[in-house]
Amino acid sequence: MEKFQTVLDQFLKHHSALSYGLVTLLTAGGERIFSSVVFACPCSAAWNLPYGLVFLLVPALALFLLGYVLSARTWRLLTGCCAPGTRACGGSGLRGLLVCTHVSAAAALAPLTWVAVALLGGAFYECAASGSPFFAERLCRDSEECKAQLPLVPCGQAGSAKVQDLLKELKAQSQVLGWVLIAVVITVLLVFTAVTRCLSPVSFLQLKFWKIYLEQEQQILKTQATEHATELAKENIKCFFECSRSKEHCTPSMKDWQQISALYKFNPKDQYYSMLHKYVNRREKSHSVKSSEGDAFVPILGFVDSPGITSVAEL
């Protein structure tokens, strides 16, 4: 039991990195299955280009949109923002843009993995490039016979051995592009992480404490919310069957829920670790958690808005 608890603690501690790793592995595995089982280049001058591009880009687009759907921050940003009389989506334009950039960057992991693995495999690129007039001009120069046979190259049906050898060049181009994409993504990720860390208003150890606090807050919030909802449901059902009046239950108002569901903004004057923490401390003073002087959106603190009472599966 102690060993299981140790494994569970390690999983909770590194769940973000493990989740990204699992998404990457599943995406890479899915691409290999698609390219070997589902994909079959038509070897047609009219269809090679669209067919190859569809398999290369459409699954990447689907994975990108799925990343938005599975992001807790997406729904924290959008839920209720279009209702009459409510706050604007994401607050100010710059703040909303920064939040969307963070969500987009996280959602881009799976589609970039798909494209990179597909380019390293080469099948989609070979099919698309062999049906492209641009590549036909570059590879075949003025040879009309080569241009006519180029769409047959992915299927190994080119009549000329010289034309068939162009498949190696297409594969090389695809793999080079794949490695370039991987290098660019890693470089951008490294630069972005370094810059956000350098601009962090809090120290390394405080950042670790902050994440521990959020994990504990969300666990306790879910437990307390479950207990409160259970008591309220039992009381209502009891009153229904006994035809009696229900007791008064102190439940947060709609305004209270809206305030703790808002996007977090950092203020160096106050040590608030979440919107719930901010609400509890400001409730006695102003009954509001609206923006005050010094509030700012800090990229490295984007994780504050990620947790929620429910998991993505429950949404």
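**Helix packing and nonpolar cores**

Student: Why are helix 7 and helix 11 called oblique to each other?

Tutor: In this predicted model, local features need pLDDT of at least 70 and side-chain atom pairs count only at pLDDT 80 or more, while totals for chains, interfaces and linings use all residues. Residues are numbered from 1 along each chain as its sequence is written, and side-chain values use heavy atoms, without hydrogens and water. Helix 7 and helix 11 pack at an angle of about 120 degrees, with their axes 9 Å apart. Angles under 35 degrees count as roughly parallel, over 145 as roughly antiparallel, 65 to 115 as roughly perpendicular and the rest as oblique; helix 7 and helix 11 are therefore oblique.

Student: Which residues make the contact of helix 7 with helix 11?

Tutor: Tyr125, Glu126, Ala129 and Ser130 of helix 7 meet Leu167, Leu170, Lys171, Gln173, Ser174 and Leu177 of helix 11, contact meaning heavy atoms within 4.5 Å. By class, five of these residues are nonpolar, three polar and two charged.

Student: Why are helix 6 and helix 7 described as roughly perpendicular?

Tutor: Their axes come within 5 Å and cross at roughly 75 degrees, with angles taken from 0 to 180 degrees between N-to-C directions. Helix 6 and helix 7 are therefore roughly perpendicular. Trp114, Ala118, Leu119 and Gly121 in helix 6 meet Ala123, Phe124 and Tyr125 in helix 7. That contact has six nonpolar residues, one polar and no charged ones, with Gly counted among the polar residues.

Student: Why are helix 8 and helix 11 placed in the oblique class?

Tutor: The axes of helix 8 (residues 133-140) and helix 11 (residues 166-198) come within 12 Å and cross at roughly 120 degrees. Helix 8 and helix 11 are therefore oblique to each other. Phe135, Leu139 and Cys140 of helix 8 make the contact with Leu166, Glu169, Leu170 and Gln173 of helix 11. Five of the residues in this contact are nonpolar, one is polar and one is charged.

Student: What makes a set of residues a nonpolar core?

Tutor: Such a core consists of buried (under 20% relative accessible area) Ala, Val, Leu, Ile, Met, Phe, Trp, Tyr and Cys residues joined through side-chain atoms within 4.5 Å. The largest one here has 25 residues, and Phe124, Leu150 and Leu166 have the most contacts inside it. Helix 3 (48-69), helix 6 (109-121), helix 7 (123-130), helix 8 and helix 11 each give two or more residues to this core. A second, separate core of 14 residues includes Val202, Ala262, Phe303 and Val304.

Technical notes. Helix = DSSP H or I, 4+ residues; strand = E, 2+ residues; numbered from the N terminus. Buried < 20%, exposed > 50% of the residue type's maximum accessible area, 1.4 Å probe, protein only.
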